[in-house]
Amino acid sequence: MKKWVPTIIFLALALLSILALIFLPAFLPQLAKNRWVWIAAYLTLAIFSILYRDNPIYRVAEHLFVGIALGYGLALTWWLALWQIALQPLFVEGRLILIIPIAIGLLYFTRLIPKASWLIRIPISITLGFFSGVAIPLIFQATIFEHTKASLVLPQMFQPGNPWPGIWAIVLLIGILTTLAYFFFSRKEKSVLNPVSKVGIVFIMLGFGATFGLTVMSRVSLLIGRVQFLLREWLGIIAQ
Amino acid sequence: MNFWEKLGKIDRRIIYMVLAVAVIVPLILTVKLPSKVRAMPRTKNIFDHIENIDPNGERKAILLSVDFDPQTEPELKPQLEAIIRHAFARNIPLMVMAIPIQGTDIGLEVLTRLAEEHNKEYGIDYVLLGWKPSPVAVILGMGNFINQVFPTDYFGTPLSELPVMKGIRNYDNVGLVMDFTGSSYYMAWVIYAHTPYDVPVATGVTSVSVADIYPFLGSKQFVGMLAGMKAGAEYERLVKDKYYPDKDIFLRGTQAMPALSASLLVIILFVIIGNISYFATRRKK
C-alpha cells in the first residue's frame, strides 16, 4: 500500500463523518450528538487500524494517547498531590512542619547535580527503611504463613458423604510438592526427584494453560468493551 | 501448498474479521441469555457477604477502591457498577477511593450516574474520598482513622461534615473492602488491611489475574473474587433478580456475554484448526 493511502482514507473518513453529522441524524436519530463521542470513536477505529498493518493514522492515535495520558496524570498529580497535600497546607494554611518532608522529597532532585548527588541517599534510605519495616513481617504473614496453612490436609476435610474438599487438598499438596521439586535444580542425574519433577511439569503446564485461556478471555473482553462503545454510545444501534 | 498447510497459514486479518463478526453480530442481535444465570461460588460469596451486612444493625460501610484505568474498564466497570447497585439497594453507606490516580475520575463518573438512577444523595448515601499518594501509608492509616488519611472528600468538604461518615472511623466500621484492579493492588489490600486489621476484603480483577488470586481464595484471605467481565455479568444478574426484577436497567456485562461466548468459540475453533494443521503437516515432513 502506498504511504499516502492511509492519509487519504483518514481525510475521506473525516469528510464522511461531517456529512454523517449533517445528514445521518435524520435516519439514525439515536446517533451520538456529543462530538467527544465521535472523537473517541474515530480514535478507537484508528487504533484498530493496526490490525491491518502499521500506518500513520494508528501512529497519530498512539502518540495522542501517550501524550494525553501523561498530561492527564501530571495535572491530577499536581492538583491532588502537590497542591492539596503539600503546597496549599504550607503556603495557604501556614503548616510550617511540612517544610521537613518537602525538603526531604526535594533531595531526590540532587541526582541532577553531580556534586550533591550523594544526598539522594537520605530520601531513599528513609523510604526503604519505612517500607521494609512495615512490609516484611506483613508480607510473610499474608503470603508464606497463610498459604502454607491453607495447603495443609486436615482430617476434617474428609466429611462423610462429601470427601471432595479432602481430595482436592491432596491434589493441591501434590501439586505444590512436585512443582517445588521441579525447581530444585541442584539434584543428581539419577535423583529420585527427577520423576517427581516430571509430575510437577504437568501441574506447571496446567497452570500455563489456564493462564493463557484467561488471558485470551481478558483480551476479548476488552475488544467487546470497545465494540459496545461503538455500537451503543456512538451509533446507538444496541440497547441504551 | 496443500489444504492442511493452507489451513495453518490463514492470514491473521481473516481471523480478525471472523472475530469481529463473532463480537458484533450477537451484540446487534441482542441474543437473550437464559433467565437464570448460575453464579460461580467465588462471585456468590461476595453477594452473600454484602447481604449479611445489616443496614439497621451496627453501622458498617462498604469501601470500594477503584484501582483501574480506562484500559481495563470493559472488564472491571460492570463489576463496579453491580457492587454499587447492590450497596445502594441495601442502603449501605458507600465510600469510594482510588490508589492509582486515574481511578478517582472513573469512580466519580460511575457514582454520579448510578446515584441519579437510584435516587441517592452525595454525602448522605455515598462519598468519594478521592486519592492520596503512597498506597501502603493510606491503607495502613485508614485502619486507625479514615479522616486522618482523608480529612476532606474529593471535593474538599471535611468528612466530619458528611452524614454518610457518621459512626465510621476505621476498618472496624467497614463491612467489606472491595478492590477493583487490573494490576496487583489486591495484594496491598490483603497485606496491609486484611492481615493487620482483619477487615473482610474481596477483589474484582481482570481475567488475566485470576490464577494469581486463587491461593488467596484458598486461604480465605479474600471473601470472594469477581473474575473478569463474566463475573461482572453474574453479579449484575444476582442484583437485578433480587432487587430490580422489573426495572429496566442497562447491564453492561450481561449484554456482552453472548459476544464473549461466540468469540471464545471462534478462538477455540481456530486453535483446533491450527493444531490439526500442525499435526497433519508434521506427519508429512
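Strand β1(B) and strand β4 (residues 174–181) of chain B run parallel and are joined by seven bridges; two strands are taken to pair if DSSP finds at least two bridges between them. Helices (H or I, at least four residues) and strands (E, at least two) are DSSP runs, numbered from the N terminus. The model is predicted, so local features need pLDDT of at least 70 and side-chain atom pairs count only at pLDDT 80 or more, whereas totals for chains, interfaces and linings use all residues. Residues are numbered from 1 along each chain as its sequence is written, and chains are lettered from A and ligands numbered from 1 in the order in which they are written.

Within the pairing with β4(B), B:D67 has B:T181 as its bridge partner. Strand β1(B) is also joined, by four bridges and in parallel, to strand β2 (residues 94–98) of chain B, where B:L94 stands opposite B:I62. From β1(B) the chain passes through α4(B) to β2(B) in a right-handed β-α-β crossover, that is, the path from the first strand over the helix to the second runs clockwise with the strands pointing away from the viewer.

Seven of the seven residues of β1(B) (residues 61–67) are buried. A residue is buried if 20 or more other C-beta atoms lie within 10 Å of its own, exposed if 12 or fewer, and partly exposed in between, with C-beta atoms placed from the backbone. In a regular strand the side chains alternate between the two faces of the sheet. In β1(B), B:A61, B:L63, B:S65 and B:D67 point one way, and B:I62, B:L64 and B:V66 the other.

Between the chains, 40 residues of chain B are in contact with 38 residues of chain A, contact meaning C-beta atoms, placed from the backbone, within 7 Å. On the side of chain B that touches chain A, α11(B) gives the most, with seven residues. This side divides into 26 nonpolar, 11 polar and three charged residues; Ala, Val, Leu, Ile, Met, Phe, Trp, Tyr, Cys and Pro count as nonpolar, Asp, Glu, Lys and Arg as charged, and the others, Gly among them, as polar.

Terms used:
Contact = placed C-beta atoms within 7 Å.
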